[in-house]
Amino acid sequence: MRHRIRRALVTVLLLGLTLTAGACGDDEQSSEASGEKLEVGTTVAPITSIVANIGGDRVKITGIVPEGTNSHTFEPKPSVAELMSKLDVLYVNGLKLEEPTKELAQENLKEGAEVVELGTKSIPESEYAYDFSFPKSGGKPNPHLWTDPTYALKYAEIARDDLSERDPDNADYFKANYDKFEAKVDEFDKAMRASFATLPREKRKLLTYHDAYAYFAKTYDWDVVGAIQVSDFEDPTPQEVAALIDQVRKEKVPAIFGSEVFPSPVLKQIGKEAEVKYVDVLRDDDLPGKPGEAEHSWMGLMHFDYVTMTESLGGDAAALKAFEPGNVAPDKAKYPQ
Ligand SMILES: [Zn+2]
């Protein structure tokens with residue numbers, strides 16, 4: 001990270017280091033050239049993607065939570081400790097989403113390395129959402145801030161500032177990436193609002209299996225009328241199912257939404273009995289496509305969800321479809337599958 005002063009006398013001992021370092025004074029790409037990239041760990045894939053949009057190819061990013069697993073109950077294998085010991089920083093969501101991963105990190109991070117909670121730093125505790133799936137009595141707030149682009153942008157801002165502090169030589173690069181990301185998120189936000197405006201207000205209702213849209217709903221003027229998944233990630237009781245069927249009928253929602261990560265026969269049953277469309281493809285932390293593809297990004301994920309919601313509820317998602325989601329910097333992060 002620090003500029004090295006090249007010495008005239010290069011000893012055999014230093015030769016290997018100099019060959020890889022190769023950096024002269026004010027070369028802006030010193031850390032890339034030196035092979036001394038920051039070692040960054042991340043947890044869920046959307047966070048990995050957001051951090052990659054800022055860090056680009058000047059930091060080394062390794063995701064920890066495999067895509068398609070239940071991130072709420074995920075426990076890292078003991079072998080992840082070795083990765084932890086090499087990290088300069090671990091970015092997690094926080095709001096109690098990744099407690100076992102955080103614990104393992106705290107036991108294994110090297111001196112000076114830290115856990116940074118992007119979500120926890122983005123919102124005051126007084127604005128935490130608690131609900132059916134994340135009841136206050138359980139002590140874990142709804143952690144899904146990143147499905148709301150305004151919070152995702154805060155994550156990016158915190159990552160920019162933190163990366164810049166740890167790697168000042170690349171601060172300009174991180175800032176330039178953030179600026180591009182902000183502009184693109186802005187455009188995305190406009191496309192979302194234009195598409196949602198095609199839905200009458202009373203149709204902007206979400207009944208989901210996995211309750212990942214609490215903050216989004218507040219920002220974009222939607223109602224989360226219910227969530228089916230109970231806080232221990234088991235299926236709801238028959239009484240709860242019956243109550244939900246009544247609620248779906250009463251709310252007159254045209255569609256209810258399942259999650260691709262949590263296939264739910266119960267939600268299917270509710271859809272059938274309440275005679276509404278059952279859409280089971282929403283995702284909150286499993287990115288679409290494959291690593292390396294544009295849609296395999298935080299923005300690709302949210303774009304997919306918001307097109308799906310708009311269309312399933314009878315709206316016109318043309319504005320969203322005219323927008324092309326993707327990354328603003330090369331995404332070289334490792335996404336465990
Ligand atoms: Zn989730």
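**Entry 1: Lysine 96**

I looked up lysine 96 and placed this residue in the loop between strand S3 (89–92) and helix H5 (99–108); helices (H or I, at least four residues) and strands (E, at least two) are DSSP runs, numbered from the N terminus. The model is predicted, so local features need pLDDT of at least 70 and side-chain atom pairs count only at pLDDT 80 or more, while totals for chains, interfaces and linings use all residues. Residues are numbered from 1 along each chain as its sequence is written, and side-chain values use heavy atoms, with hydrogens and water left out.

I noted that lysine 96, although not a glycine, has a positive phi of about 65°.

**Entry 2: Glutamate 275**

I recorded a positive phi near 55° for glutamate 275, again in a residue other than glycine. Glutamate 275 belongs to the loop between helix H10 (265–274) and strand S8 (277–282). I list glutamate 275 as exposed because its relative accessibility is 71%.

**Entry 3: The zinc ion**

Which atoms coordinate the zinc ion? I found His72 (NE2), His144 (NE2), His210 (NE2) and Asp284 (OD), at 2.1 Å. Donors are N, O and S atoms within 2.8 Å of the metal (3.2 Å for Na, K and Ca), and water is not among the atoms, so sites may look incomplete.

I classed the arrangement as irregular because the four donor atoms subtend angles of 86 to 170° around the zinc ion. The criteria are these: four donors count as tetrahedral if all angles lie between 85 and 135 degrees; four count as square planar and six as octahedral if opposite donors are over 155 degrees apart and all others between 65 and 115; anything else is irregular.

I wrote the sequence spacing of the donor residues as H-x71-H-x65-H-x73-D. Histidine 144 lies in the loop between strand S4 (114–117) and helix H6 (149–166), and histidine 210 in the loop between strand S5 (205–208) and helix H8 (214–220), so this pair ties together parts 66 residues apart in sequence.

**Entry 4: Helix H6**

I checked H6, which has 18 residues and reaches 25 Å from its first C-alpha to its last, close to the 26 Å expected at 1.5 Å a residue; the expected span is 1.5 Å times one less than the number of residues. H6 is mostly covered, with 13 of its 18 residues buried.

**Entry 5: Cavities**

I listed three cavities of 30 Å³ or more. A cavity is a set of points on a 1 Å grid over the protein atoms alone where a 1.4 Å probe fits but cannot get out, and lining residues have an atom within 4 Å of a point. Grid points are joined across faces, edges and corners, and a volume is the space filled by probe spheres set on the points.

The largest cavity has a volume of about 50 Å³. I noted His210 and Asp284 among its lining residues, and both also coordinate the zinc ion. Strand S7 (residues 255–259) gives the largest share of this lining, three residues.

I located glycine 226 in strand S6. Its C-alpha and that of isoleucine 256, 30 residues apart along the chain, are separated by 9.7 Å. Threonine 237 lies in the loop between strand S6 (223–227) and helix H9 (238–251).

Notes:
1 Å grid on protein atoms, 1.4 Å probe; cavity = no way out; pocket = protein on both sides within 12 Å on 5 of 7 lines; lining within 4 Å. Buried < 20%, exposed > 50% of the residue type's maximum accessible area, 1.4 Å probe, protein only.
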